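Hi,

Here is the structure I promised to pass on.

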Amino acid sequence: MATDQRVRVRFAPSPTGALHIGGVRTALYNFLFARKMGGDFILRIEDTDQTRKIEGAEQYIRESLEWLGLSLDEGPEQGGPYGPYRQSERKDLYGKFAQLLLDEGYAYIAFDTEEDLAQIRQEYESRKQTFKYDATVRHRLQNSLNLSAQEVQNRIDAGMPFVIRMLVPEDEEVGFEDVVRERVTFDTNELDDKVILKADGMPTYHLANVVDDYHMKISHVIRGEEWISSTAHHVLLYQMLGWEDHIPQFVHLPLILKPGGGGKLSKRDGVKMNIPVYPLQWTDPETQTTLEGFREAGYLPGATINFLALLGWSPGDDREIFNMEELIDAFQLSQIIKSGARFDIDKAQWFNQQYLIHSDTNELIAYIQEYFPELYGLGDRSYMEKIIPLYTERVHLIPEIADQSSYFFNEWPDYDVNQVKKRYKPENEDLYRGLFEKLSGVVPFHQTALKAAVEEFIQDNQTKYGVVLPILRLAIAGVLHGPDLFVMMEVMGQSLVHKRLERALELFPTYI
């Protein structure tokens, strides 16, 4: 890549299902690098495999990027100078270059059917060998390398389906520089003759990827390490097409591993461990199985970004909390780690808690209103503004707010009967009644005045906090845990608190 070339990167998912969280991290690293270098971040939809395309998948990808704040400079919706940005709309371009490779002797036509190849694979497997369509077999299969030109034309005229394969040279070394893995080399004798144009006239990933990256002036290809072996074919295609001087800088990212390590994190792991592995909720159109996403699980987009950024990249110090601007400023490709990164859901929840704690209340309530209307609908805005800040330090995920604060929204709390039995002493009934009556008359009904009233009552009656406060909290909230008791009472208001204290005096003795 020329040193003065503008940085242009692309996120190029296939619309074949939900966007895996590993794909989100790839998009994030592309975005951070583009913004860091003042370059362009492009969305390209790689939909050449029309048989696997799933309705709604492209929209899901766009919505995921939008939720996370990964704004695009070019893409199917935004347009741009190098469109179209769906590969299915660039079919003629790929056919042109496939023909060029044929004309130059870098590719050949192959008529082998799927059935033919399946039979050959089976024969190899019976000998405990692996079949590859390469230099060792190409001259005895049904292709233009060993059929006459006339026979090839006759088959084409007869409508026989065919594919175009790249002709991988023998006894050569092909290599490339990778930011993460430095120099990577392959022996061409280990490479197969990849199909570059399918029978339906659509390109495979390999040809489309190279042609599009060249024509869209992509400077850096940042993608998962599973594509390393394919990169050797891509470098060969650049060379065959005469584009050696335009090979992008490659950056292959480490895998995101299962929480316990031992392999790549998969959709199945998400189901098995009940953890989100998608950014947004996704319903599989075939099985109608709905899998929860990070958003629906209650993660904030900023926390999700922060968690994913550190899942394969190190800032070089012990700092963990970054907003987007800080990530852009700190991000460097050279600090991407080589080893796989373990998906730590506990760490993800910790990040989310930090973001909840430091959220602006109005912004958080607006977010809850948009994405958690069932929680927002529990009370009016002014009431929610008082309640939500009481729980941001006590929860990790947004839905937990509703679980922990239910006593604010129901007429009566759900009493922890075991704790009532343990804490309520019949011989202290007059003491409880006296405190409850005193609190019901506090004016103004404010946390400071309420606390002062309790302290005065304890001193006057020569009792202890541990004797009366647990019963007071059980009467108000039904449980012994929660935010500051006097703040809770102020938020609930004098009328509701009085009702609950009266009910406790009637109900608690019946539990004993």
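Predicted model: local features only at pLDDT ≥ 70, side-chain atom pairs only at ≥ 80, totals over all residues.

Below is what came out of the analysis, from the overall fold to the charges.

Residues are numbered from 1 along each chain as its sequence is written, and side-chain values use heavy atoms, with hydrogens and water left out.

The protein has 22 helices and 13 strands (DSSP runs: H or I of at least four residues, E of at least two). Its radius of gyration is 32 Å, well over the 24 Å that the globule rule gives for 512 residues, so it is more spread out than a compact globule (C-alpha atoms; the rule is 2.2 Å times the number of residues to the power 0.38). Along the principal axes, the C-alpha atoms fill a box of roughly 110 × 50 × 35 Å.

On to charges: the whole structure holds 30 salt bridges (a side-chain nitrogen of Lys or Arg within 4 Å of a carboxyl oxygen of Asp or Glu). R44 pairs with E46 at 2.9 Å between the closest N and O atoms, and both are buried (under 20% relative accessible area; exposed is over 50%, partly exposed in between, with a 1.4 Å probe and protein chains only). R44 and E46 also belong to a salt-bridge network with R10, R90, D212 and D213. E296 and R295 form another bridge, at 3.1 Å, and both are buried too.

K264 and E226 bridge at 3.9 Å, linking distant parts of the chain, 38 residues apart.

Cheers
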